[in-house]
Amino acid sequence: MDSLQKQTLNPNKHLKEQFVSNLHGSSILEIAALLTIVPLLVLLRYSIGLHCRTDNNGKAISSKKNDDDIVVSRNWKAYTYAISLDFIFIVFPMLLFFTVLSEWVYLGAVLLSLLLLLILSVTAKRSSTALQRAGQSLSFRASVSSYRVALMLITCLCILAVDFTIFPRRYAKTETYGTSLMDLGVGSFVLANAIVSRQARDVSSGFVIPLSPPLSIIKSFVTGSALCKLSPTFSCNCFRNWITGLKATAPLLLLGFIRLVTTSGVDYQVHVTEYGVHWNFFFTLAGISILTSFVNIPAKYCGILGFTVLAGYQTWLVSGLNTYLLSDERGTDIISKNKEGVFSILGYWGMYLLGVHLGYRLFYAKHSNIRSTTSSIARVFLVSLLLWIVTILLDNYVERISRRTCNMPYVTWVLAQDLQALGIFMLSRYIPMNKLSSLEEAIDQNLLATFLLANIFTGMVNLAIDTIFASPVSSLMILSIYAFALSAIIGTVHFSGFRLKFW
């Protein structure tokens, strides 16, 4: 009987799943241009100045770009003004290039690059003087923070925008092979956190994988055993460290199960071929965390292990595993139902290990300087160039790039693209009196909260609106309101002095 039929909160679930299925992505060049625009927008925002800094308690510190004196002020109006400027010059242009200006990506990248070069040439003479007066330039650590925040903003914008027709289908996740903007998400978060992990910094007491979500910025502590020697206490120490790592992975597993239960409970659309029937990104993060805690070696050897893992996994893929993973065939067992998520852990773990090694060699080894010096910037761009060459060779002669399997070409593509973006962020050292923007600081202090809030908003919008039938004008208005509300709420939390951490 009709009256007894199951009611659903998401009547167009099937249509929405089809809307993000069977896609083939865009070109590597277009994604590279798009990911060049994002850091350029941030650097241009730095050049404008007019930041509203905060003290250690998160209270507003009102200042102008070239003021020698910083006046502390708990002025909500000044802080609101700064956050609004950040939204206007960073977030809103990003949203436009991801949607209605997607056909102007190449021109946008060129014009923004020329504009930044013009600004840098004008400020070049006073740059050295300003940096000497300030005593330091924006450090590599701050550049990574800026990159991670930009990655979070991209993620937050895309997870909702992908459900609207104004978001180009070529930017949504690919079905089998190919490259797209959203394909970079999971790999970029894994790599960004590998580069700044305690293991990469050669902290012998252990290392942290603060794996940021796309979907996440989740702090997953994994105790290291690098100091363990062959001694009577070796097994005991390693066992204790591994158990500690497993306990710390519990929040990731908890979030994974919460996502699984909630999406099933509200009949939310799920693209099964992304990770599997039950799997999601949180489980992938937990898998990486467990593997890294179980096999913990010094950063200088992580590159060898990472390459070995990736080479073995790639050999397995081309020997027939890729046919199984990319097929529609699914058995009744739990592994077969979640084959993409289970097997791709090997690729992401190899990526994490290579990221640890690159972070150590490029930034933390004795020959490196943690400041964004010209030599360190040059090294980053050089390594990125070499990885681009390797990516093109692998994509053409071994196997096409596949996020779904996380094969070796995908790993090198993520490495090349992310290092290129990070290198652009590091150019901030040439902007006098540079400083993380107010919105960047707010999101950086509340990464996990930002992601969780974005997911709540995304779910609410999808359940309240038939996004695939919204007009372009309505879509852009909804996305703009969503982005501004997200920025405003996180900014308010930061201004109030709170730092939302859940464990």
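This is a predicted model: local features need pLDDT of at least 70, side-chain atom pairs count only at pLDDT 80 or more; totals for chains, interfaces and linings use all residues.
Two packed helices are described by the angle between their axes and the distance between the axes. For helix α5 (residues 140-161) and helix α16 (residues 447-464), the axes come within 9 Å and cross at roughly 10°. With angles under 35 degrees counted as roughly parallel, α5 and α16 are therefore roughly parallel to each other. On the α5 side, the contact involves R148, M152, C156, I159 and L160. These residues meet L447, T450, F451, A454, N455, T458, V461 and N462 of α16. By residue class, the contact of α5 with α16 comprises eight nonpolar, four polar and one charged residue.

Five of the residues in the contact of α12 with α13 are nonpolar and one is charged, while none is polar.

Helix α13 (residues 374-397) also supplies the largest share of a nonpolar patch, namely six residues. This patch lies on the surface and consists of V318, L382, L385, L386, I389, L393, Y397 and V398. Together, the residues of the patch have about 810 Å² of accessible area. Among them, Y397 is located in helix α13.

Note on methods
Residues are numbered from 1 along each chain as its sequence is written. Side-chain values use heavy atoms; hydrogens and water are left out. Axes are lines fitted to C-alpha atoms, for helices over the stretch in contact, and angles run from 0 to 180 degrees between N-to-C directions. Helices (H or I, at least four residues) and strands (E, at least two) are DSSP runs, numbered from the N terminus. Angles under 35 degrees count as roughly parallel, over 145 as roughly antiparallel, 65 to 115 as roughly perpendicular and the rest as oblique. Contact means heavy atoms within 4.5 Å. Ala, Val, Leu, Ile, Met, Phe, Trp, Tyr, Cys and Pro count as nonpolar, Asp, Glu, Lys and Arg as charged, and the others, Gly among them, as polar. Patches are made of residues with over 30% relative accessible area and no salt bridge: like charges are joined within 9 Å, nonpolar side chains (Val, Leu, Ile, Met, Phe, Trp, Tyr) within 5 Å. Accessible areas come from the Shrake-Rupley method with a 1.4 Å probe; for residues, only the protein chains shown count as cover. A salt bridge is a side-chain nitrogen of Lys or Arg within 4 Å of a carboxyl oxygen of Asp or Glu.
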